[in-house]
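Please keep the sequence and the structure in view while reading.

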Amino acid sequence: MRDRVDHPLDPLSADEFTAVAAILRREHGVGDGWRIASVELAEPSKSELAAFERGGAAPPRRAAVICLDRAENATYKGVVTLTGDAVEAFDHIPGVQANFTVDEFAECDQMLRHHPDVIAALANRGITDIDNVFMDTWTYGDAVAPPEYRNRRIGWSDTWYKSAPGANPYAHPVSGLHCVVDLNTMELLRVEDDGSNEKPDVMGEYVPRHIPRRIRSAWNREPLAPLHITQPDGPSFTLDGNLLRWQNWSLRVGFNHREGMTLHTVRYRDGEVNRSVAHRMSFAEMVVPYRDPSVDHYRRTAFDIGEWGLGFMTTSLELGCDCLGEIRYLDAVLHNSKGEPYTITNAICIHEEDNAVLWKHVDHDAGAEVRRMRRLTLSFHVTVANYEYLVYWRFYQDGNIECEVRATGIMVTTPLAPGRPNPNGTLVDERTYAPFHQHFLIARLDLDVDGTDNTVYRTESHAEPIGPDNPYGLSLVVHNKALRTEVEGKQDVDFATQRAWKVVNTNVVNGLGTHPSYKLVPTGAIPPMFDPASPVLQRANVIGHTLWVTPNHPDERWPAGEFVNQSAADTGLGVWTKANRSIDNTDVVLWYVFGIHHITRPEDWPVMPVDVVSFWLKPYGFFDRNPALDVPASPPDACTHTDARSAHH
């Protein structure tokens, strides 16, 4: 994204990151011995944005910062005004740990691979070529952290061994060898070594040159003919800075270290009116608990957004590999733990996709009337150690919004001793199993349907019993219940009633005399399957329900709390909703929990084909009729192709 700032919602530029670091250094000595864990735009309020859009002055540019004093193991939270060149706030937050940084991950790997105790433990297993060893550091939850080190900033490491330079580092885990590390001092606190030395003959390679010839020789897949997607006249969308317009839709694209891509001020032009659908949509947390109590996995619960950050883990996209078609990219600017900016090129991909038929009818007399569907896709890809998450937000011509997440990458595995069972995972290679685990994704949806004040309704379908007025048992009715308080706003999925939730503006009436709304259709929801006393559920109350509804509050952004690294208890939704505030006809936020219940398969090894989950936001009475009636028909030359006819005949 560009250095020039055109709008108050534009992400921080490289110059602004540099300025933030300089102001912190000047006013609070944040330099050597400190880490700047995170810097992001402190977004202006809805009222400030509304005033700006009415022609008022731009609100001040401000940055929210989290800093870590390594010598004191002290976390500070602050606000820097770039407009005023000053620090507005800089407060010590006791008893919490800032997010882990990419720098710490890399420094920990280097420290461990050169530590004599680690080298000795590896040598006892016959591993002496340290260059082929990889140390993967994870964060702790309080319940599983060593009690004597809980007052430190600590991590624990996995150890992996690759068979050759460039080979898959996650193919050969060194089971039973884990290190406890102080990330502030980069000190090895303890080596945990159960002495196991299982080395089954595993084929864990996915890059062709590393796959054994005996396997490659059995391949017989025919090559694909080239698939060219071209738009000679260019795409149908326009991108002006971070403002995106397409087929009546308009929105602003943002980006930060924690959420990655964010979507703002989502509107649909209906006639002459730009109607509001959402103020802000993003991913606010991702909780990945491994459901295996073994020595290798009992600590393995990742909060990939709160502990690490989707933005920090975002990777550059490549044309023809990650995105296909007439692409427009946005770069993203982030910072290292010194506050120095760097650019992720091609961080966000924007393109149109053909998606088969939009609507069609064949009349006996008049013949066929058909329209093809086009959709606009915004995507970014994240690599979190062994896993990849591919995020797609799709906008449709009929007013639908789809959010899709694809998980791929490499499963964590564990070698087995001969005859040992594996009840908490699936055998995927010789004496090697992949543990069961879950990926809980939490979408934060600040919807503003035709205005700020909305009410959420639970909507369910019920079959009425057979009776005098329903002799054939055909009657199906829909029950709508308004959710008035935060306690009522805690909702669970129920596919038996096709439960969904509508965000309704009861202050507006459409042309049919009903109220406009958008419906959250909860595909991809999964149950938590945790004992209520489980430490994971105590740290992340949010995964205990499919949906939470809260009144919008600027400080309530992180559903399991702002500081989840080494946390013991939820400080987010589980705390906020105890107040049982009103959510009736007010500015509401929906927190939707969905994801992947990953019962691992041999077919997921050694690299996992994408597992796809999604949810939908669908207009329900937002329009008086099909808003895609005005989509033009495809020109005749687009419906007939000479080569295709020739091939058929």
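How many nonpolar, polar and charged residues does the lining of the largest cavity have? By class, that lining has 4 nonpolar, 4 polar and 2 charged residues; Ala, Val, Leu, Ile, Met, Phe, Trp, Tyr, Cys and Pro count as nonpolar, Asp, Glu, Lys and Arg as charged, and the others, Gly among them, as polar. The model is a predicted one, in which local features need pLDDT of at least 70 and side-chain atom pairs count only at pLDDT 80 or more, while totals for chains, interfaces and linings use all residues. Residues are numbered from 1 along each chain as its sequence is written, and side-chain values use heavy atoms, with hydrogens and water left out.

The residues that line the largest cavity are Leu9, Pro11, Glu40, Leu41, Glu43, Gly254, Phe255, Asn256, Thr262 and His264. Two or more lining residues come from each of strand 1 (34-41), strand 11 (249-256) and strand 12 (260-270), and strand 11 gives the most, with 3 residues. Helices (H or I, at least four residues) and strands (E, at least two) are DSSP runs numbered from the N terminus. The volume of this largest cavity is about 70 Å³, and the count of cavities of 30 Å³ or more comes to 5. Cavities and pockets are both found on a 1 Å grid over the protein atoms alone: a cavity is a set of points where a 1.4 Å probe fits but cannot get out, a pocket is an open set with protein on both sides within 12 Å along at least five of seven lines, and lining residues have an atom within 4 Å of a point. Grid points are joined across faces, edges and corners, and a volume is the space filled by probe spheres set on the points.

The protein is divided into domain 1 (14-93), domain 2 (102-215) and domain 3 (242-620), with bounds that come from an automatic or database domain assignment. The largest cavity lies between domain 1 and domain 3, because both give residues to its lining. The largest pocket likewise lies between domain 1 and domain 3, since both give residues to the lining of that pocket.

The largest pocket holds about 1100 Å³ of space. Its lining comprises 46 residues, of which Glu43, Pro554, Asp555, Glu556 and Arg557 lie nearest the centre. By class, 17 residues of the pocket lining are nonpolar, 14 polar and 15 charged. Among the elements that each supply at least two residues of this lining are strand 1, helix 2 (46-53) and strand 13 (273-289); strand 2 gives the most, with 4 residues.

Lys46 is found in helix 2. Leaving aside its neighbours within four places in sequence, Lys46 is in contact (heavy atoms within 4.5 Å) with His279, Asp446, Asp448, Thr452, Asn552 and Asp587. Lys46 and Thr452 are 406 residues apart along the chain, yet their C-alpha atoms are separated by 9.2 Å.

What links domain 1 to domain 2? Here 4 residues of domain 1 are in contact with 9 residues of domain 2, and the domain centres, taken over C-alpha atoms, are 36 Å apart. The two domains bury about 520 Å² between them, 30% of it on carbon and sulfur atoms; buried area is the accessible area (1.4 Å probe) that two parts lose on being put together, summed over both. Arg35, Arg70 and Asn73 supply 83% of the area that domain 1 buries against domain 2, more than any other three residues.

Across this interface the rule finds 2 salt bridges, each a side-chain nitrogen of Lys or Arg within 4 Å of a carboxyl oxygen of Asp or Glu. The side chains of Arg35 and Glu107 meet in a salt bridge at 2.7 Å, N to O. The count of salt bridges comes to 46. Another pair joins Glu88 and Arg62, with the closest N and O atoms 3.2 Å apart. Glu88 lies in strand 4 (residues 86-92) and Arg62 in strand 2, so this pair ties together parts that are 26 residues apart in sequence.

Two features concern the backbone. Most residues other than glycine have a negative phi, and most peptide bonds are trans. Ala356, in strand 16 (residues 341-363), has a positive phi of about 65° although it is not a glycine. The peptide bond from Trp605 to Pro606 is cis, with omega near 5°, and Pro606 is placed in the loop between strand 29 (588-598) and strand 30 (608-620).
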